[in-house]
Amino acid sequence: MPDYTLRIRRYNPHSGEAAHWDEHVVELPPRNSVLDAILMVKAERDGSIGIRCSCQQGICGSCGVRINGRPGLACNTHLEVAAGRRAGLGGSADVGETVIEVEPMGNMPVIRDLIVDMDAVHWKKIRRVTPWLMPKQPVPEREYIVPHDSMADVTQTMACIQCGACVSDCLSMEVDPGFIGPAALAKAYRFVGDPRDDQHAERLWDLSRDPQGMYDCTHCFNCVQACPKGVAPMDQIMRLRRIAGSDFELRDPNNGYRHEHAFVDNIKRNGLLHEADLLPDSYGGKFHPRAVPELISSLPTIITALARRKVTPRKALLHPHKASKEVKRIFDKVDGRKQRFELNLYISGYDEAEEQMDMAHIPHPDPSIPAHEPHDDPEPKGAGGESERRR
Ligand code: SF4
Ligand code: SF4
Ligand code: FES
């Protein structure tokens, strides 16, 4: 049986002492979990170690910690995999590395040692998104019948065990602690994707107009990598945005809607993203009154980019705006679809043929319209939207 060096970060904010690392050598089989090692040390050597756990089966979500720099569940991380992470081999086992550093999750205050205050951050944000069904009326006498596709679609977000691993490593939350965050936004999608809920437009409008809402995510993918249950919170955030922008046409005051459309139009025109146009286009064009203050406030960034030759004046001002035929073909194909499909990788995998069959389709905002029927209604159904071509 190999020896593992377990380094546990110890900190008690009430003690007045600085945080420090405690080191214990444990002899355990490589397929035992990191939680097994912590509990063994706690039982046999130091009962004062603070760790939260319950099921020890990867179900309750209470043992979230950072293990060798990555968030996850201590109870479903094997010792050999944890040690492999330290070797920089992405969790490969059996690399001869034996040091395992365990520390509390990030973006949440530490209560003691490995225990963080989930109430202060995680649960507060979950409450922010009204995490319960607000049913359509009248409530049926027996039960709502939900289409299979819709149920399969929300299953991914229902798999969340509220462990907080995604919150721990969210880069946007690190910069802006007020950001609603990946777990809560995934929870919001759970109801926006549920045809029984009556408040889709209201939920989306609320999340899109909040400056720390769904447009505050920077697509860093950390939450996708962190989640032990495959919830892929970032994907759910993108879906919230697509539904808000394309189905409800919600023009949010954060400019999220315009920015996303400017992005798509930019690629359509240029083939590759032409950064110099993106910002002004997001605000209605170079000479739009909304764009001028934004351009002025971005001057330091623009000057840095020019100084580092990331962009040249020639490239910025004399761009040919010529997308290749191949790019145009892709856009024609996507634009030519009568109805947008949502690919839920959790359900349907990567196979394109299967994709056509299994794609979990976003239920249409109008419940009278079946999920797989093309729909040509030009009027937005959401709050405050303007009519525009569906994408
Ligand atoms: S993808 Fe968005 S929500 Fe997820 S961790 Fe990054 S910034 Fe946070
Ligand atoms: S989305 Fe995943 S990582 Fe985030 S709280 Fe839920 S289960 Fe944990
Ligand atoms: S103890 Fe329940 S998920 Fe780890």
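**Note on the predicted model**

1. Strand β3 (residues 64-67) pairs with strand β5 (residues 99-103) in the antiparallel sense, over 2 bridges. Two strands count as paired if DSSP finds at least two bridges between them. Strands (E, at least two residues) and helices (H or I, at least four) are DSSP runs, numbered from the N terminus. Across this pairing, R66 stands opposite E103 in β5.

2. This is a predicted model, in which local features need pLDDT of at least 70 and side-chain atom pairs count only at pLDDT 80 or more, while totals for chains, interfaces and linings use all residues. Residues are numbered from 1 along each chain as its sequence is written, with chains lettered from A and ligands numbered from 1 in the order in which they are written.

3. The open sheet has 5 strands in the order β2-β1-β5-β3-β4, with mixed pairing. β2 (20-27) and β4 (70-73) are at the edges and have a single partner strand each, so one side of each is left without a neighbour in the sheet. From one strand to the next the twist averages 35 degrees.

4. Helix α2 (residues 79-86) lies across β1 (3-10), β3, β4 and β5, and runs at about 90 degrees to β5. Axes are lines fitted to C-alpha atoms, for helices over the stretch in contact, and angles run from 0 to 180 degrees between N-to-C directions.

5. Helix α8 (residues 200-209) packs against helix α10 (residues 233-247) at an angle of about 110 degrees, with the axes 10 Å apart. The two helices, α8 and α10, are therefore roughly perpendicular (65 to 115 degrees; under 35 is roughly parallel, over 145 roughly antiparallel, the rest oblique). In this contact (C-beta atoms, placed from the backbone, within 7 Å), L204, L207 and S208 of α8 meet L240, I243 and A244 of α10.

6. Around ligand 2 there are 15 residues, of which C160, C163, C166, C227 and V231 come nearest. A residue is near a molecule if its C-beta atom, placed from the backbone, lies within 6 Å of it. α5 (165-168) and α7 (182-192) are the elements that give two or more residues to the shell around ligand 2, and α7 gives the most, with 3 residues.

7. The peptide bond from Q137 to P138 is cis, with omega near -5 degrees. P138 is in the loop between α3 (119-128) and α4 (148-158).

8. Q56, not a glycine, has a positive phi of about 60 degrees. Q56 lies in the loop between α1 (34-44) and β3.

Technical notes. Two residues are in contact if their C-beta atoms, placed from the backbone, lie within 7 Å.
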